[in-house]
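Biologist: I should like to learn how to read a structural model feature by feature. Could we take the elements in turn, with the general idea stated before each case?

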Amino acid sequence: MGDESTLSMEEKIRDSIVNFVKNSSANRMFHLDGSPFYEDPLVGFADGRDPLFEQFKEIIGDYHYTPREVMETAVQAGDDVPNQDLDKISVISYILPVTAKTRKSNRSQRHHPSLQWAHQRNCGERFNDAVRDHVAMEVREMGYLAVAPMRADYFKYIMEEGPGGDVSSNWSERHAAYVAGLGTFSLNDGFITSKGIAMRCGNIVTNMPLQPSDRPYPDHYHNCLYYREGTCKICIKRCPVGAITEAGHDKQKCRWYLVDYLGPMLTSRYNCDWTTGCGLCQTAVPCEQSIPPSQKT
Ligand code: B12
Ligand code: SF4
Ligand code: SF4
């Protein structure tokens with residue numbers, strides 16, 4: 001971190017996110033031992049007019065917002081910041097890596113998440129909301145529009161009925177993280193970053209001009225060993241309900257297990273009413289904490 005006056009906008013934003021995650025008293029497992037939910041974040045920037053955002057209307061669905069639509073909605077809503085110019089649009093993207101302690105606690109699990117993982121999924125996501133709000137507020141204080149799409153009242157989940165129906169949303173934070181060069185997707189659908197797959201993430205869309213980060217990966221599956229070299233597939237064995245196969249991730253099966261089965265089950269096991277995930281495909285796998293090295297000898 002450098003002298004505040006000589007820092008670029010990108011460095012200021014990166015420092016602000018890193019410092020907030022490092023120092024916030026909300027980044028604490030307050031129901032357990034008070035240790036952090038997340039380690040030092042990764043931060044990247046995307047050009048909001050990158051053609052990939054338009055392609056996501058095909059890849060994800062026409063309901064998926066582009067950064068331009070996010071900004072236009074903010075202007076139409078009468079946002080009163082001084083700079084309403086939409087010539088430049090940027091997406092700030094960050095990754096919150098789950099701590100080594102929580103990851104370790106989930107590695108030996110076979111059916112349901114550890115208490116630490118469940119706490120991280122539920123209350124850690126409330127901290128993630130605080131990060132989204134903090135960054136949006138800082139950028140607005142610098143005089144620019146700033147919206148965290150997941151905090152907007154129009155954010156919604158898309159649930160298609162029936163077998164094979166898609167489970168999606170109108171703003172995918174991982175797709176924006178891909179455009180910002182922070183990682184790639186994988187066989188189990190999880191997003192693998194340089195700090196691994198065990199993470200949560202967030203985005204803020206702004207009209208502040210920011211230099212886009214490099215996208216170092218040749219395709220959107222590169223960090224997964226199965227897609228890169230046909231090896232691994234360890235996440236298939238980790239999934240307790242068979243939601244992962246060589247054909248990919250069955251979101252309906254996964255969602256049923258996480259929401260309909262684990263929700264009530266954890267209430268009786270851990271005496272809490274948390275929204276949870278099992279995260280077994282994110283732990284005890286070669287991509288848990290880094291981009292996995294080749295398994296070919
Ligand atoms: C709906 C949702 C779910 C659904 C569906 C997940 C899904 N894959 O979409 C269910 C309930 C199953 C779910 C489960 C979990 N979730 Co969830 N979920 C979301 C949510 C709210 C929206 C996801 C979304 O919009 N998906 C859109 C669809 C289209 O994405 P997709 O199908 O995976 O995308 C594929 C295609 O687009 C394809 N693709 C095809 N062509 C191309 C071309 C290009 C160029 C690109 C880039 C991609 C691409 O690549 C992708 C992978 O195959 C996000 C938060 C958010 N707003 O982003 C969190 C989020 C994805 N979940 C997260 C987590 C942590 C989990 C769980 C681990 C639960 C837990 N905490 O323990 C499990 C993991 C399941 C898994 N193996 O992925 C994290 C991501 C963690 C990670 N490493 O990826 C997110 C981002 C929450 C957050 N803010 O941090 N989740
Ligand atoms: S466990 Fe292996 S196959 Fe599964 S997502 Fe990670 S690298 Fe890919
Ligand atoms: S989150 Fe759990 S149920 Fe869903 S795919 Fe991963 S291991 Fe399977």
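Biologist: What should the 15 residues of helix α1 span at 1.5 Å a residue, and how far apart are its end C-alpha atoms?

Modeller: Helix α1 covers residues 9–23 of this predicted model. At 1.5 Å a residue its 15 residues should span 21 Å, and the end C-alpha atoms are 21 Å apart, which agrees.

Biologist: Which residues of α1 are buried, and against what do they pack?

Modeller: The general idea comes first. An α-helix has 3.6 residues a turn, so residues three or four places apart point the same way. In the present case, the buried residues of α1 are I13, R14, I17 and V21. They cover an arc of only 100° around the axis, which puts them on the same side of α1. The other side of α1 carries the exposed residues N19 and N23. As for the packing, β1, β2 and α5 (115–141) lie against the buried residues of α1.

Biologist: Which residues of helix α3 are buried, and what covers them?

Modeller: Helix α3 comprises residues 67–76, and its buried residues are P67, V70, M71 and A74. The arc they cover is only 95° around the axis, which puts them on the same side of α3. Their cover includes α2, β2, β3 and β8. Just after α3, G78 takes a positive phi of about 80°.

Biologist: Let us turn to the strands. In what order do the four strands of the open sheet stand, and how are they paired?

Modeller: The order is β1-β2-β8-β3, and the pairing is antiparallel. At the edges stand β1 and β3 (146–147), each with a single partner strand, so one side of each is left without a neighbour in the sheet.

Biologist: How many bridges join β2 to β1, and how many join β2 to β8?

Modeller: Strand β1 (residues 42–47) is joined to β2 by six bridges, and the two run antiparallel. Within this pair, G44 stands opposite S93, and D47 stands opposite S90. Eight bridges join β2 to strand β8 (residues 199–206), again in an antiparallel arrangement. There, I92 stands opposite I204, while S90 has T206 as its bridge partner.

Biologist: Why is strand β2 described as largely enclosed by the rest of the structure?

Modeller: The criterion is a count of neighbours: a residue is buried if 20 or more other C-beta atoms lie within 10 Å of its own. Eight of the eight residues of β2 (residues 90–97) are buried, so the strand is largely enclosed by the rest of the structure. S90, I92, Y94 and L96 point one way, V91, S93, I95 and P97 the other way, and all are buried.

Biologist: Which residues of β1 point one way and which the other, and are they buried or exposed?

Modeller: L42, G44 and A46 point one way from β1, V43, F45 and D47 point the other way, and all are buried. Six of the six residues of β1 are buried, so β1 is largely enclosed by the rest of the structure.

Biologist: How many residues surround ligand 1, and which are the closest?

Modeller: A ligand shell is read by its members, its elements and its classes. Ligand 1 is surrounded by 36 residues, the closest being S169, D189, R200, G277 and G279. The elements that give two or more residues to this shell are α2 (51–59), β5, α6 (173–179), β8 and α9 (251–270). By class, the shell has 17 nonpolar, 12 polar and seven charged residues.

Biologist: Which residues are the closest to ligand 2 and to ligand 3?

Modeller: Around ligand 2 there are 14 residues, and the closest are S186, C224, C232, C235 and C287. Two or more residues of that shell come from each of α7 (225–229) and α8 (234–238). Its residues divide into 11 nonpolar, two polar and one charged. Ligand 3 is surrounded by 14 residues, of which C239, C254, C278, L280 and C281 are the closest. The classes around ligand 3 are nine nonpolar, four polar and one charged.

Conventions: Residues are numbered from 1 along each chain as its sequence is written. Chains are lettered from A and ligands numbered from 1 in the order in which they are written. This is a predicted model: local features need pLDDT of at least 70, side-chain atom pairs count only at pLDDT 80 or more; totals for chains, interfaces and linings use all residues. A residue is buried if 20 or more other C-beta atoms lie within 10 Å of its own, exposed if 12 or fewer, and partly exposed in between; C-beta atoms are placed from the backbone. Two strands pair if DSSP finds at least two bridges between them. The expected span of a helix is 1.5 Å times one less than its number of residues. The arc is that of the directions from the helix axis to the C-beta atoms. Two residues are in contact if their C-beta atoms, placed from the backbone, lie within 7 Å. A residue is near a molecule or strand if its C-beta atom, placed from the backbone, lies within 6 Å of it. Ala, Val, Leu, Ile, Met, Phe, Trp, Tyr, Cys and Pro count as nonpolar, Asp, Glu, Lys and Arg as charged, and the others, Gly among them, as polar.
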